[in-house]
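The entries follow the order in which I looked things up.

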Amino acid sequence: MRLLSLVKRAGLTKAHQPELLQESLSHKADSAAGERSQRALVEMDYQAAQARFEQACTEMTQPATREAGTKVMLEFRSTPNVLPLCKHIFETTQRDDVRFHVVTAIKEVAAREYALHPKVEIHGLRDWLLEYVVGKYDLLPPYVRNSTLSTVAVIVKRGWLEESRPDKETFFGRILALLNGEITHRQTGVALLSYMLDEFSSDRSSAVGLPYDFHIKSRRSFEEGELRHIFQILVQIIQHTLQVGPQIDNPPEFDFFTMSVAATEKILGWDFVKPCDNALQGRFERRQHVRDYLITANFPLSWREFIVRPDIIDMFFQLHHTMQEHDRLSDHTRQCLIHLAGLHGSVFCSANANGVLVEDQNGQRGYVAHFLKSFLKLLTRFLSTTTFDPDSGYGPELVGITSMAKRVLQNFPLTITGAVPEFLPFLNELGKLTVTCSRNTVGDSEEYCTEAADELLDLWAGLIRQIEDYMHEQAALRTTGAAPGLTFDLATLMTFLTSVAYHVFDTYVDSRLELAKLSVEDEVDNMKDEYLYEDQLLAVAIIGRVEPGKSIAKLQQLIADRMARLHEAFAGNQEQASQIPILLEHIHWLSLLSGHLLADSGRGEKPEIPRTLKGLSLHSRVDADPVVTLAMTLFKVFKLVSVEPDSPQFALCSPLVSETLLWFVERWTETYLFLDCREAASPSLVRAFGRQEGGQHVLDFILTMVQKNFVLWHGETDVLLQVVNLLNAFSRNTEVRNALLVSETFQGMISFFLDNLSRLPADVHSPLIENIATIATHATSADVRSHYFSGLSNAIEKRLLGILNHPQFLQIYQLPESIESVMSTMEMYGGLALAADESNTKEIFATISKYFDAFIKLLEVYRNVTEVEKYILLVFANLIRCQSFEELTPADCQKLYTAVLELLKTYAKNEVGKTRVLQAEREEELYEDVSCILELLAQLMASQYEGLAWSDILVKRKNKATVDVADVIFYGVNVVIPLITDQMLQFPELCKDYISLVSNLVRYFPDKLSSLPSELLSSLVRSLEFGMHNAISEVARSAFEAVTALALFGWDEQASSGMSLEFLHPYLDGLLQQTLEMFLFRDFDSGLMESAGEALFALALSRGDHYNTLTQHLISQQSQPHFARRLSDALQTLNTAIAETAQTPGAAERLRIARVEGFIGGPSAAWFSRYRERLEAFLMDVRGFLRVK
Amino acid sequence: MADEEHHEEFEQAGSGASLTYPMQCSALRKNGHVVIKGRPCKIVDMSTSKTGKHGHAKVHLVAIDIFTGKKLEDISPSTHNMDVPNVSRTEFPLLDIDDGFLSLMHADGSTKDDVKLPEGELGEKMQAEFQDGKELIVTVVAAMGEEQALSYKEAPKGN
């Protein structure tokens, strides 16, 4: 704390002399004796401050005092005008760690206070730091050197947009001079360039508290001005070094060379500013950590003559080859090659006669040909020399090679690569590499090989997709009669690919089964293989389908073998029985592989039969179609493992295998079950699985298996949830749905489910009912539909009545079986509600609404059993969320609103006196009921008013019936607000729900706010303030939207139609102050710029007088007149923008709409953009000096 | 693997005034009740584990003794039955506190004097508030032949 006062005294003394540097101080201070003593005072204070700073540095190294030391450091950095002291400490301290900390402080302070100091002083500081490093390069430890140069780079970037051309040239002249000097000078020069590349890059720049726009503009200017020049200098350095031979034995020289290559790598991976990266659309988002090949190495046309050159490619391959022994350097050269492999953008274009950019295919082809020639050599050399011995360090090179290969194939179209003579030899080597990696995924080398194998599989799958697309294009061209645009020999490529693809598939399957032996002993991982290895499985399926006959035959043979062995094991063969875990694991994997090979995922639209499988099936004999046989074989496996529960084999069975087989059936069903001739399926497929032919039989078989496994695994949640997924797949197919509803097996299955629900894990109750209800309510035939649905609803109703009508219900309601029974019945109703959609709302609503009163009664009875409460609330929440309000009659709506009101009243009564004890790790559950109520109210509001204009909302609200929905909502809000505590708002989900409820309330019922008791209103506003500062941007955005809506209500006299808004003013004033403070003094999430800016606008408009008072107060608080003047000027500009924007023609109308929507402009509203720009300029201008407080 | 599993017929288990009720382990719910080592407990955590990738699920239960607050754990195959205690919660107006016992009033007006004043902070607070003249409602929880006052609240005004 003493440091701060010391620093302040030093700063205060200097207020008379605003110069930054001590040097300039010393020139002027000689004149008067008074000033001399003044200076002595400053120096004395400096010494004391330095001592305290050094002490803080020491404290930071000790765990016990670290916190205190850090605090001093942070205070130091936020002291105004601290730069002269920083410089003093940097210069005079004897300690490197102190120098490091102080230069880090300079970095932050110089960027923040940049605008406060004359340019010459900032330049002086920058140059002084640079020369300090130059002069003492060898004496400074690397961490001090680096942070000092990084500070220089930050200062350069901060002033970039304000610097004149000659200023920049002078500075670059100095760097050039360094690069031509002795070795330490060259090292300093290249390190500085490297830090500047970081500062101007899209993802490595330091935070300087300035808007996105500043970064983008600086980056663009740097790209247009210096980047290419730096690239040329670095290339010259590398070329020169390669010519004279790198001085490997001379560490400084070698270090300089390595740094040069590293800097070059940064340029090759540069993320150029795109046209869309402007402040308006780009906002504050940063593309951090996105290293997609599309983003980097996208070079503009102006780079063509510098980078699309054979000698550049040769240089990097040569460099990589010569330097492969040097890990650090070869890491950089490898990355350079990866970037070159992915080179793209308008650099491959040329301007035609009209000046329009056109793609230059010849240029690309030439580039790829040259690249592949060298790459092929590298690949061949790697394959012939690598032993894949884990100790040989082959890993990075392997991963690098796969990345390069992937970039080339992703980046250049087949029409380019296919025409290059080296392409097939290259693919051939790549095939060898894939097979080698696949084999090595089992064994000691697995780490890198697994990663590379994954990438390579993906690469092959990508190539095959490219070929498929190309063939489609060609076919389309032929149908239009146009000449096919063949630029390469597709037939040869296909022949080649077919053999490689099967080889890759075959090796993958073998390695997978090999790995399976290991994984049965592994710890059980909760992640399912089907998700964990999804990418692999998808890629392998695509590869396998290139030669489907052989791939299917391979799986078929393996499955048949494992099935036979499992059969023997079941029959008591001891030898096979000892192999059971491996057999089960193999069956699990073979089912996964078969599922992927035979069918695509049904997510999204209905998947088609894969093209090559259709071809295979068409060319097979009707009774020997491999596509049919493979599925049938897996069905046989399913039958084999679906044993009787009391049989001795049951102990040998695996729930995971049943689950995977059910998954297979689900995936397979969506493509093959009930297919018909319209889908151009082959006769054999139609015969085996068609609706009119074998399909019915298969469906019956599946249902039987489902039922058996349901009994067998009724304690295994995962298996049961997979059954639910299968039912869901059934429910999406009309034909299958209809067939199910006439099937006796299905009928039996449903009764079985319903009768035994209480014995099943709770997680499956609701989804099971939901899917059954969906199937039942979507029957094509009205009779079947009503018959089935009434069957289902009667069964549920019977359960409910069984409970309610029990003569001794009030005596037994607390018994566990009663509670369980009530909960599962509520889950059934909840599941039923989930199945509601526009086509079945009427039926479902009728079924559920019949017992609204009973549910509410149960809520009352079970007031002490939170679990039961939750399920009852869920029935209502689900119903309101899923049902379609348009389908309900006014009477239905009345019934619903009355019930919800009663529900809320009962809930409120239950809540009286209830305490919630927070227990660690179970916090979320504690508030499940509150969550439910919040959701219910939010949904109810959204269902009524979302998307409506204010006038329509008023009309809707005026059509009062006996129970007005607005009253219901308001009643609910009254119940729920007092329950919300600050503690609850710490939970992200709950906070999100609550803020969005408040937001809706403010948008749809601002006129009713005055009727809220004042403590409720202030609690509501407090939660908005809390929301504004919430770390989750979604919550904060929603809070600002609510503030905007509230402020605009305060502004819009039409909406308030004469009512006094006096009560609202204190709240709006508070919100205005908070918003202003956040903008000016606090760190804030730049993603909120838009919504917070709108809130400020609305508040300023609504509370103009208070806004003026606040801003005048701010100005008067400034201790220094020039700050006050700057702030006042900046505010003047901002205020003009607010006034002008508000007076734009049509603005009032737009703001009225915005009040109901919660947001004013959105990025596309041109009328509002002027304000937004001014606000950004304002913040850029004033945040720097306001935040030093 | 799961050689000891038994699959009884699916049927409605008979109820009665027994102290416990059997339920399949996998169908237990978090926050529900279960008997572990002879004690009535509330389940605070439920997770499944397997012996090996293809093993049958076992349910791991962590529960708190509803009377003593002690943490108990159990692991059981998911298809086995476990006992669920009959837990009843009854609210009584508090009439008096006498010699460490609560005097509570039944709905019919008769008194119930066999429930002890809870030990520790809860009891002290209850006593203090009662002596302040507040009307208190005490919740008595009974399970497996044991009975305790576990919470109380102030009676709603105007009753």
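I began with a bridge: Phe101(B) has Lys116(B) of strand E9(B) as its partner. Strand E8 (residues 101-105) of chain B pairs with E9(B) in the antiparallel sense over four bridges. Pairing here requires at least two DSSP bridges between the strands; strands (E, at least two residues) and helices (H or I, at least four) are DSSP runs, numbered from the N terminus.

The model is predicted: local features need pLDDT of at least 70, side-chain atom pairs count only at pLDDT 80 or more, and totals for chains, interfaces and linings use all residues. Residues are numbered from 1 along each chain as its sequence is written, chains are lettered from A and ligands numbered from 1 in the order written, and side-chain values use heavy atoms, without hydrogens and water.

Next I traced the sheet in chain B: it is open, antiparallel and ordered E9-E8-E7-E10-E11. Strands E9 (111-116) and E11 (146-154) of chain B each have a single partner strand, so one side of each lacks a neighbour in the sheet. From one strand to the next the twist averages 45°.

I then looked at helix H1 (residues 120-131) of chain B, which lies across E7 (87-98), E8, E10 (136-143) and E11 of that chain, at about 50° to E11(B). Contact means heavy atoms within 4.5 Å; axes are lines fitted to C-alpha atoms, for helices over the stretch in contact, with angles from 0 to 180 degrees between N-to-C directions.

For Cys86(A), the nearest cysteine sulfur is that of Cys57(A), 11 Å away. Cys86(A) is buried at 0% relative accessibility, and Cys653(A) is buried at 1%. Buried means under 20% relative accessible area, exposed over 50%, partly exposed in between (1.4 Å probe, protein chains only).

Terms used:
Disulfide = S-S within 2.5 Å.
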